Amino acid sequence: MKLYKQYWEENIAQWGELYLDISHGHEKFSGPVWYSSAYHASIGRLERKLMAQRYEITKAFIDQYVKPGTTFSDLGCGTGIFTVQALQKGAKVNAIDFSKSALEITQRNVLKYAPEGEILFQQADVQADELPESDISLAMGLTPYLTDLPAFMQHVLPKTKLLYCLFIDPSHWANRLRGLLPFLNVRGLRCHAKSQVDKLYAQHGWRLVQRRVFATGYIDLATKN
Ligand SMILES: C[S@@+](CC[C@H](N)C(=O)[O-])C[C@H]1O[C@@H](n2cnc3c(N)ncnc32)[C@H](O)[C@@H]1O
């Protein structure tokens with residue numbers, strides 16, 4: 001847990017650049033320097049394209065569902081890109097991340113792009129700490145890094161009404177390959193089978209509203225029964 005938190009403390013400032021389609025080359029991976037460069041020049045290019053799509057999909061979700069006064073929890077807010085979007089739509093936002101640097105960057109972006117917004121910053125581990133109540137929770141790019149999905153669901157679902165969440169699918173060929181060749185899994189991404197996720201929704205009295213395939217995973221919209 002410590003190591004993976006440290007990864008985000010060191011890399012989150014550059015993470016936002018993925019959305020801007022500029023160099024992803026600052027991200028530090030463990031292993032030889034040449035490997036990071038080779039990765040950024042090959043798979044990294046494709047990742048940048050997918051990040052741009054992910055941004056558009058998430059923005060469209062926020063545009064459709066967030067209304068003035070909606071309480072919105074941005075779980076693993078990172079650089080705050082979606083926190084800012086939700087604030088601009090008039091939401092009251094809980095920006096939550098376990099990384100202090102992520103929250104500082106989010107705060108800077110909020111001051112710059114949505115200074116009038118109503119926001120609460122919370123440094124919390126979404127798998128272990130109590131979370132605030134919200135109408136909508138967003139977990140974009142978060143579950144691939146979690147170590148305990150059931151604990152995450154247990155902390156999030158009772159506190160929110162709607163969840164928009166990205167998962168990585170273990171049955172996708174690229175993730176099977178990552179499993180066979182672990183050096184390709186530079187960020188140590190974790191996969192979650194649809195059956196496991198569906199079971200967790202059911203255990204908490206939730207249901208799936210929509211599931212769309214995205215990149216090597218899927219994005220769920222789920223709600224309370
Ligand atoms: C890939 S970034 C995604 C940031 C943002 N949601 C986005 O889509 O741009 C993942 C973020 O989740 C945070 N994170 C990872 N595990 C976490 C945990 N257990 N509790 C809280 N935040 C976590 C990291 O610190 C990082 O800021």
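Asp63 and Lys59 sit four residues apart in helix α3 (residues 43-65), which means that about one helical turn separates them. The two residues form a salt bridge in this predicted model. The chain that holds them has eight helices and seven strands. Of its 225 residues, 50% count as buried. Among contacts with a separation of 6 or more, 64% are between residues 24 or more positions apart.

**Salt bridges**

- The count of salt bridges comes to seven. Side chains of opposite charge can pair when their charged atoms come close.
- In the salt bridge of Asp63 with Lys59, the closest N and O atoms are 3.3 Å apart. Asp63 is partly exposed, at 33% relative accessibility, and Lys59 is also partly exposed, at 28%.
- Another salt bridge joins Glu104 to Lys100, and its closest N and O atoms are 3.3 Å apart. Both residues belong to helix α5, where a spacing of four residues puts about one helical turn between them.
- Glu104 has a relative accessible area of 37% and so counts as partly exposed. Lys100 counts as partly exposed too, at 49% relative accessibility.
- Arg211 forms a salt bridge with Asp220, with 2.7 Å between the closest N and O atoms. Arg211 is partly exposed at 25% relative accessibility, whereas Asp220 is buried at 0%.

**Aromatic pairs**

- The whole structure contains four aromatic pairs. A pair of aromatic rings is described by the distance of the centres and the angle of the planes.
- One of the pairs is Tyr55 with Phe82, which is stacked, with 6.1 Å from centre to centre and 20 degrees between the planes. Tyr55 lies in helix α3 and Phe82 in helix α4, so this pair ties together parts that are 27 residues apart in sequence. Tyr55 and Phe82 are both buried.
- Phe61 and Tyr164 form another stacked pair, with centres 3.9 Å apart and planes at 5 degrees. This pair links distant parts of the chain, since Phe61 is in helix α3 and Tyr164 is in strand β5 (residues 162-168), 103 residues apart.
- Phe61 is buried, as is Tyr164. Together with Tyr65, these two residues form one aromatic cluster.

**Helix α4 and its contact with helix α5**

- Helix α4 is largely enclosed by the rest of the structure, because six of its eight residues are buried. The buried residues of α4 are Phe82, Thr83, Val84, Gln85, Ala86 and Leu87.
- The axes of helix α4 (residues 81-88) and helix α5 (residues 100-113) come within 9 Å and cross at roughly 35 degrees. The crossing of α4 and α5 is right-handed.
- On the α4 side, the residues in contact are Thr83, Val84, Leu87 and Gln88, and on the α5 side they are Thr106, Asn109, Val110 and Tyr113. By class, the contact of α4 with α5 has four nonpolar residues, four polar residues and no charged residues.
- Of the residues that α4 brings to this contact, Thr83, Val84 and Leu87 are among the buried residues of the helix.

**Positive phi angles**

- Most residues other than glycine have a negative phi, and most peptide bonds are trans.
- Ala215 is not a glycine, yet its phi is positive, at about 50 degrees. Ala215 is placed in the loop between β6 (206-214) and β7 (217-224). At 33% relative accessibility, Ala215 counts as partly exposed.
- Gly90, which follows α4, also has a positive phi, near 95 degrees.

Technical notes: Residues numbered from 1 in each chain as written. Predicted model: local features only at pLDDT ≥ 70, side-chain atom pairs only at ≥ 80, totals over all residues. Heavy atoms only, no water. Axes fitted to C-alpha atoms, helices over the stretch in contact; angles between N-to-C directions. Helix = DSSP H or I, 4+ residues; strand = E, 2+ residues; numbered from the N terminus. Left-handed = near helix turned anticlockwise from the far one by under 90°. Contact = heavy atoms within 4.5 Å. Nonpolar A, V, L, I, M, F, W, Y, C, P; charged D, E, K, R; others polar. Salt bridge = Lys/Arg side-chain N within 4 Å of Asp/Glu carboxyl O. Buried < 20%, exposed > 50% of the residue type's maximum accessible area, 1.4 Å probe, protein only. Phe/Tyr/Trp six-rings, centres within 6.5 Å; stacked < 30°, edge-to-face > 60°.
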